[in-house]
Amino acid sequence: MSIKIMGTGSALPVRTVTNDEIAGMVDTSDQWVRERTGIGSRHVSTGETAASLAAQACSLALKDAGRTAQEVELILAATCTPEDVVPCTACQIQDRIGAENAVAFDLNAACAGFLFALHTAWAYVEAGIAANALVTGSEILSKIVDWEDRGTCVLFGDGAGAVYVEKCGEGGILGFVQHSDGSRGSVLSCVSRPTETPFFRGQESGRYLKMDGREIFSFAVRQIPLTIGEALDKGGLSVQDVDLFILHQANRRIIEGIAKRLSVDISRFPMNLDRVGNTSSASIPLLLDELNREGRLKKGMRLVLSGFGGGLTCGACVLEW
Ligand code: ACO
């Protein structure tokens with residue numbers, strides 16, 4: 001038994017911010033950002049939250065699948081930028097869309113979060129705990145980015161993507177791989193507020209995202225081709241069998257590096273990061289929804305989804321559309 005994606009949805013904040021606009025805030029330029037990252041603009045929240053965007057994306061995914069919120073048995077929300085600590089984003093989504101029969105909880109694996117959530121949904125279905133799920137990745141990275149740090153503020157955007165999955169007898173997800181390496185957590189980090197209680201007072205050590213860009217770059221370009229290879233082995237396929245590689249949209253040069261290592265033409269790696277930037281856990285379902293709505297995903301196509309992020313974490317999934 002496996003799971004099949006039956007519907008997709010996505011949502012972006014209304015406000016668009018171009019590289020030129022950021023160049024008015026920090027010492028950078030449209031040319032630098034485009035050349036180094038491939039990013040031209042991104043959407044930034046002016047009040048939208050991880051839950052509000054995810055709820056929109058989930059509603060659209062259900063509509064696409066022709067299902068109602070009452071039928072949903074599980075809601076998994078991947079996010080590292082929830083609006084609230086409690087209640088979790090997934091419970092807020094449940095309330096917003098009226099999915100009163102679902103079990104809902106969050107999961108944080110940074111930019112690989114959506115894939116980790118999808119794998120969890122697969123495990124729930126495989127174990128007979130649920131027959132379907134809404135899986136969403138949703139981020140408001142703008143609130144943890146230091147808007148005075150040109151090295152990071154140009155990279156990220158806000159948004160949400162979602163898929164509705166159901167158990168299926170054949171096709172669907174064919175192979176899945178996940179990896180974590182906590183020993184390299186400092187490569188991409190954002191500390192939480194310090195503990196302040198009558199018993200302990202923690203040190204304030206900065207509230208913003210810190211990143212070793214070069215380390216992330218080499219981790220992704222070295223590790224992701226191996227991870228994709230493992231997932232393909234599990235699914236009994238090779239890179240030649242894959243129609244499209246839908247990768248975490250961190251950076252055009254990273255995706256080009258991965259394509260080169262896999263000896264696959266870059267045309268099989270669709271991208272939307274020029275318009276949305278790096279939206280962390282939202283990036284894979286956002287792109288998937290865009291391709292679905294453009295009619296570029298045909299029944300029987302083989303897709304690879306692959307993500308990597310803070311933790312460090314990475315994963316890959318091979319599926320038949
Ligand atoms: N505009 C202009 N100059 C900049 C900017 C900017 N926005 N950012 C950095 N620079 C400068 C640096 O200050 C440095 O100047 P210096 O030589 O005077 O010190 C110079 O550019 C080179 O800096 P590097 O950090 O060495 O630049 P690099 O070529 O490595 O590019 C980048 C930086 C784009 C971040 C690159 O390392 C990269 O793509 N890394 C991948 C990181 C990534 O995609 N992270 C996404 C989040 S993590 C994730 O999604 C998993």
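Leu312 is found in the loop between E12 and strand E13 (313-320), and a cis peptide bond joins it to Gly311. The model is predicted. It holds a ligand that sits in the largest pocket, with 24 residues surrounding that ligand.

**Ligand site**

- The residues closest to the ligand are Thr28, Arg36, Arg214, Asn251 and Asn278.
- Asn251 places a polar side-chain atom 2.4 Å from an oxygen atom of the ligand.
- For Arg36, a polar side-chain atom lies 2.5 Å from an oxygen atom of the ligand.
- Arg150 uses its backbone: an N or O atom there lies 2.9 Å from a nitrogen atom of the ligand.
- Of the 1,000 Å² of accessible area that the ligand has on its own, the protein covers 74%.
- The ligand sits in the largest pocket, and the elements that give two or more residues to its shell are helix H2 (30-37), helix H6 (150-153), helix H7 (213-235), helix H8 (252-262) and strand E12 (302-309).
- H7 supplies four residues, the largest share of the shell.
- By class, the shell consists of eleven nonpolar, eight polar and five charged residues.

**Cis peptide bonds**

- The bond between Gly311 and Leu312 is cis, with omega about -10°.
- Val86 and Pro87 are also joined by a cis peptide bond, with omega about 0°.
- Pro87 belongs to the loop between strand E4 (74-78) and helix H4 (89-97).

**Positive phi values**

- Ser263 is not a glycine, yet its phi is positive, near 55°.
- Ser263 lies in the loop between H8 and H9; its relative accessible area is 67%, so Ser263 counts as exposed.
- Ser280 has a positive phi of about 55° and is not a glycine either.
- Ser280 lies in the loop between H9 and H10; Ser280 counts as buried because its relative accessibility is 2%, which falls under the 20% cut-off.
- Gly295, which follows H10, has a positive phi near 75°.

**Helix H10**

- Helix H10 spans residues 283-293 and is mostly covered, with ten of its eleven residues buried.
- The buried residues of H10 include Ser283, Pro285, Asp289, Glu290 and Asn292.
- Ile284, Leu286, Leu287, Leu288 and Leu291 are also among the buried residues of H10.

**Single residues: accessibility and distances**

- Asp274 is part of helix H9 (residues 273-276). Its relative accessibility is 34%, so Asp274 counts as partly exposed.
- Asp274 and Met1 are 273 residues apart in sequence, and their C-alpha atoms are 37 Å apart in space.
- Glu170 occupies the loop between strand E7 (159-168) and strand E8 (172-180). Glu170 is exposed because its relative accessible area is 69%, which is over 50%.
- Glu170 and Ile3 are 167 residues apart in sequence, with a C-alpha to C-alpha distance of 8.7 Å.
- His119 sits in helix H5 (residues 113-126). His119 counts as buried because its relative accessibility is 15%.
- His119 and Pro194 are 75 residues apart along the chain, and 32 Å separates their C-alpha atoms.

Key: Residues are numbered from 1 along each chain as its sequence is written. This is a predicted model: local features need pLDDT of at least 70, side-chain atom pairs count only at pLDDT 80 or more; totals for chains, interfaces and linings use all residues. Side-chain values use heavy atoms; hydrogens and water are left out. A residue is near a molecule or strand if one of its heavy atoms lies within 4 Å of it. A polar contact is a pair of N or O atoms within 3.5 Å; within protein, one must be able to donate a hydrogen and the other to accept it, and residues adjacent in sequence count only if both atoms are side-chain atoms. Accessible areas come from the Shrake-Rupley method with a 1.4 Å probe; for residues, only the protein chains shown count as cover. On a 1 Å grid over the protein atoms alone, a cavity is a set of points where a 1.4 Å probe fits but cannot get out, and a pocket is an open set with protein on both sides within 12 Å along at least five of seven lines; lining residues have an atom within 4 Å of a point. A molecule sits in a cavity or pocket if more than half of its atoms lie within 2 Å of its grid points. Ala, Val, Leu, Ile, Met, Phe, Trp, Tyr, Cys and Pro count as nonpolar, Asp, Glu, Lys and Arg as charged, and the others, Gly among them, as polar. Buried means under 20% relative accessible area, exposed over 50%, partly exposed in between (1.4 Å probe, protein chains only).
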